[in-house]
Amino acid sequence: MKTRLNLPLSATACLAGIVSLAGMLFVSTLTIAHADDTSVSSTADARDKSPTDAEPAYQPKSKLELRRSLNRMQYDVTQNEATEPAFRNKYWDNKKEGTYHCIVCEQELFDSKTKFKSGTGWPSFYQPKDEKVVGFRNDWRLIYTRVEVHCSRCGAHLGHVFDDGPEPTGKRYCMNSASLNFVEADKSAENNSSKNKPTGTISAAQDAKQD
């Protein structure tokens with residue numbers, strides 16, 4: 001009968017086992033550290049993107065709220081697609097610098113720099129402030145088809161767009177004053193600029209008077 005002897009492991013085998021165990025411990029430590037860093041990073045990102053910092057979504061007004069905040073003409077134009085009288089509206093001849101906003105939701109729609117004299121009796125622009133601020137749909141209420149223009153945010157009716165405008169677009173956005181709210185440009189920068197002019201500067205008009 002043969003007897004099996006349990007001989008001790010060689011020094012080389014022991015060393016290999018120790019190295020393998022150390023490697024496993026090192027990898028485990030890196031994995032735990034990476035998980036902790038990811039957790040901290042995710043928490044920081046969530047804190048940076050808190051709901052309080054985000055712009056609140058637009059809340060449409062009810063018909064009752066609109067009737068309370070708009071006058072009769074504004075309501076009929078924006079909600080029922082009515083048309084105000086030509087040459088007897090607020091902005092058809094407005095020449096001030098500023099921006100035109102939607103009367104319902106205050107989204108910026110047109111810049112005064114794109115307003116032009118169309119001779120139609122309604123405020124006319126050759127392009128909106130941004131392509132995304134207006135929407136379009138076909139209007140079949142007359143004997144010919146027109147392209148209706150409305151606010152992209154709240155859907156308020158603004159007017160119509162035609163292909164007889166000036167360059168560079170060739171468009172005429174014929175809007176109702178009742179659908180717009182004009183905000184005049186801030187004059188503070190202009191006033192500060194005039195204050196900073198050198199005292200020795202003489203305007204052309206003053207120079208002409210002195211001559």
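Where is Pro168 found? Pro168 sits in the loop between β7 and β8, and the peptide bond that joins Glu167 to Pro168 is cis, with omega near 15°. Helices (H or I, at least four residues) and strands (E, at least two) are DSSP runs, numbered from the N terminus.

The model is predicted: local features need pLDDT of at least 70, side-chain atom pairs count only at pLDDT 80 or more, and totals for chains, interfaces and linings use all residues. Residues are numbered from 1 along each chain as its sequence is written, and side-chain values use heavy atoms, with hydrogens and water left out.

The protein chain contains five helices and nine strands, in the order α-α-α-β-β-β-β-β-β-β-β-β-α-α along the sequence. Of its 211 residues, 28% are buried, where buried means under 20% relative accessible area, exposed over 50%, and partly exposed in between (1.4 Å probe, protein chains only). The accessible surface of the chain is about 15400 Å², and carbon and sulfur atoms contribute 55% of it; accessible areas come from the Shrake-Rupley method with a 1.4 Å probe, and for residues only the protein chains shown count as cover. Among contacts (heavy atoms within 4.5 Å) with a separation of 6 or more, 53% are between residues 24 or more positions apart.

Helix α3 spans residues 72–80, and Gln74, Tyr75, Val77 and Thr78 are buried in it. The buried residues of this helix pack against α2 (63–69) and β7 (157–162). At the start of α3, a side-chain oxygen of Asn71 comes within 3.1 Å of the backbone nitrogen of Met73. A polar contact is a pair of N or O atoms within 3.5 Å; within protein, one must be able to donate a hydrogen and the other to accept it, and residues adjacent in sequence count only if both atoms are side-chain atoms. Glu81 follows α3 and has a positive phi, near 60°.

Ser179 lies in the loop between β8 (172–175) and β9 (180–184) and is buried, with a relative accessible area of 0%.

Phe87, which is not a glycine, has phi of about 65°; Phe87 is placed in the loop between α3 and β1 (98–102) and is partly exposed at 44% relative accessible area. Glu106, likewise not a glycine, has phi near 70°. Glu106 is in the loop between β1 and β2 (108–111), with a relative accessible area of 38%, and is partly exposed.

Ten salt bridges are present, each defined as a side-chain nitrogen of Lys or Arg within 4 Å of a carboxyl oxygen of Asp or Glu. Glu81 and Arg137 form one of them, with the closest N and O atoms 3.3 Å apart. Arg137 lies in strand β5 and Glu81 in the loop between α3 and β1, so this pair ties together parts 56 residues apart in sequence. Glu81 also forms a salt bridge with Arg141, at 3.5 Å between the closest N and O atoms. Here the loop between α3 and β1 is linked to the loop between β5 and β6, the two residues being 60 residues apart. Arg137 is partly exposed at 40%, as is Arg141 at 49%. A network of salt bridges links Glu81, Arg137, Asp139, Arg141, Arg146 and Glu148. Another salt bridge joins Arg172 and Asp164 (2.8 Å, N to O); Arg172 is buried at 10% relative accessible area, whereas Asp164 is partly exposed at 47%.

The structure has zero disulfides, a disulfide being a pair of cysteine sulfur atoms within 2.5 Å. The cysteine sulfur closest to that of Cys151 belongs to Cys105 and is 3.5 Å away, too far for a bond. Cys154 is in no disulfide either, with the sulfur of Cys102 nearest at 3.6 Å. Cys151 is buried at 1% relative accessibility, and Cys154 is partly exposed at 25%.

Leu142, Ile143 and Tyr144 make a nonpolar surface patch of about 380 Å². Patches are made of residues with over 30% relative accessible area and no salt bridge; like charges are joined within 9 Å, and nonpolar side chains (Val, Leu, Ile, Met, Phe, Trp, Tyr) within 5 Å. Ile143 lies in the loop between β5 (134–139) and β6 (146–151) and is exposed, at 90% relative accessibility.
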